[in-house]
Structures are given as C-alpha cells and as structure tokens.
Amino acid sequence: MFHIYCPYCEEHREEEEFHPKGQAHIARPADPDACSDAEWGDYLFFRDNPRGIHHELWVHAVGCRKFFNITRHTVTYEILETYRMGEQPTITAESLAREEKADKVQVADGGQQTVGASDAALASMKGAQA
Ligand SMILES: [Zn+2]
C-alpha cells in the first residue's frame with residue numbers, strides 16, 4: 001500500500017482511491033476534418049511507451065472524482081509529482097537529462113532516454129544502434 005498526493009484534495013490518499021487513465025497532454029486536433037487518416041488514427045490510438053519519465057492522466061475515483069496528472073518513472077514506478085489539469089509538469093525527461101548531465105551521469109546520444117537504465121541495458125541499447 002502506498003499513498004498518492006491528490007492536488008485537489010491537497011493530501012496523500014491510499015492508492016486504491018485512484019485509477020490511471022492513460023497518457024496525459026494529448027491535444028485533440030483543432031480541425032479533425034483537415035486531418036489525414038494517419039494523423040487521426042495516431043491521435044485516437046497511438047500512445048507513447050517510454051522507458052523513464054511518463055506523464056499520465058489519473059482520476060481520484062473514490063475521493064473528489066477529479067482528473068489530474070502524474071509524472072511517473074516507468075522503470076522505478078516512482079511518482080515524481082502530481083499536478084492539476086491545465087498545468088504543465090515541472091519534471092520532464094529533458095529536464096531530468098539536463099540535471100543528470102550536470103551530475104555527470106551517462107545519457108545516451110541521439111536523445112534516447114536512458115534514465116534509470118542499468119549499465120547492461122545501456123550497453124545493449126548502444127549495441128542495437130550500431
Ligand atoms: Zn482528490
């Protein structure tokens with residue numbers, strides 16, 4: 001059992017009160033009629049599946065019943081922050097990579113996110129790119 005901070009109730013509540021609802025910050029196309037089938041299909045069906053930082057939509061189902069966003073690390077499952085709808089995350093993969101470069105932690109070239117990856121995983125990723 002762990003607790004999740006609801007930004008509307010402004011307190012930590014048991015995880016069982018919450019439900020994940022998928023990727024956050026998916027913008028509906030302004031003019032759906034102008035979209036190609038590929039663009040519309042991408043909007044409807046395709047979601048990011050990163051190794052590392054992921055922004056997710058959650059609902060406090062057995063509480064205030066409001067939707068909010070969570071920044072979660074998909075490797076460690078650590079919830080790094082929660083924030084209200086309409087707000088932007090303060091922690092992103094890019095901001096974390098910048099901090100880690102400043103701390104001289106290895107980050108793979110080519111923008112590939114390697115936050116939390118083991119040395120063996122990094123080596124296999126580099127091997128796959130070669
Ligand atoms: Zn709540």
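An open sheet is formed by 4 strands in the order β3-β4-β5-β6, with antiparallel pairing; strands pair here if DSSP finds at least two bridges between them. Strands β3 (19–23) and β6 (79–84) stand at the edges with a single partner strand each, so one side of each is left without a neighbour in the sheet. From one strand to the next, the twist averages 35°, where axes are lines fitted to C-alpha atoms, for helices over the stretch in contact, and angles run from 0 to 180 degrees between N-to-C directions.

This is a predicted model, in which local features need pLDDT of at least 70 and side-chain atom pairs count only at pLDDT 80 or more, while totals for chains, interfaces and linings use all residues. Residues are numbered from 1 along each chain as its sequence is written.

**Overall composition**

- The protein chain contains 3 helices and 6 strands; helices (H or I, at least four residues) and strands (E, at least two) are DSSP runs, numbered from the N terminus.
- Read from the N terminus on, the elements follow the order β-β-β-α-β-β-β-α-α.
- Of the 130 residues of the protein chain, 12% count as buried; a residue is buried if 20 or more other C-beta atoms lie within 10 Å of its own, exposed if 12 or fewer, and partly exposed in between, with C-beta atoms placed from the backbone.
- Among contacts between residues at least 6 apart in sequence, 46% join residues at least 24 apart; two residues are in contact if their C-beta atoms, placed from the backbone, lie within 7 Å.

**Confidence**

- The protein chain averages a pLDDT of 84, and 79% of the residues score at least 70; pLDDT is the predictor's confidence in each residue, from 0 to 100.
- Over residues 109–118 the pLDDT stays under 50, and the model has 20 contacts beyond four places in sequence for this stretch.
- Residues 124–130 also stay under 50 in pLDDT, with 5 contacts beyond four places in sequence.

- Strand β1 (residues 3–6) pairs with strand β2 (residues 11–14) in the antiparallel sense, over 4 bridges.
- H3 has E14 in β2 as its bridge partner.
- The hairpin has 4 residues between its strands, and E10 takes a positive phi near 60° there; E10 is a residue other than glycine.
- E10 counts as exposed because it has 8 C-beta neighbours inside 10 Å.

- Strands of a sheet pair through backbone hydrogen bonds, either parallel or antiparallel.
- Strands β3 and β4 run antiparallel and are joined by 3 bridges; the partner of H19 in β4 is V59.
- Of the 5 residues of β3, the number buried is 0, so this strand lies largely in the open.
- Strand β4 (residues 53–59) and strand β5 (residues 67–73) pair in the antiparallel sense over 7 bridges, and L57 has N69 in β5 as its bridge partner.

**The loop between β4 and β5**

- R65 is found in the loop between β4 and β5, and it has a positive phi of about 65° although it is not a glycine.
- R65 is exposed, with 9 other C-beta atoms within 10 Å.
- K66 has its place in the loop between β4 and β5 and counts as partly exposed, with 15 C-beta neighbours inside 10 Å.
- Leaving aside neighbours within four places in sequence, K66 is in contact with Y8 and H60.
- K66 and F18 are 48 residues apart in sequence and 10.0 Å apart in space, C-alpha to C-alpha.

**The nonpolar core**

- The largest nonpolar core has 5 residues in all: C6, F18, W58, F68 and I70.
- Such a core is a set of buried Ala, Val, Leu, Ile, Met, Phe, Trp, Tyr and Cys residues joined through C-beta atoms within 7 Å.
- Beyond its neighbours within four places in sequence, F18 is in contact with I4, W58, V59, H60 and A61.
- In soluble globular proteins, nonpolar side chains tend to be buried together.
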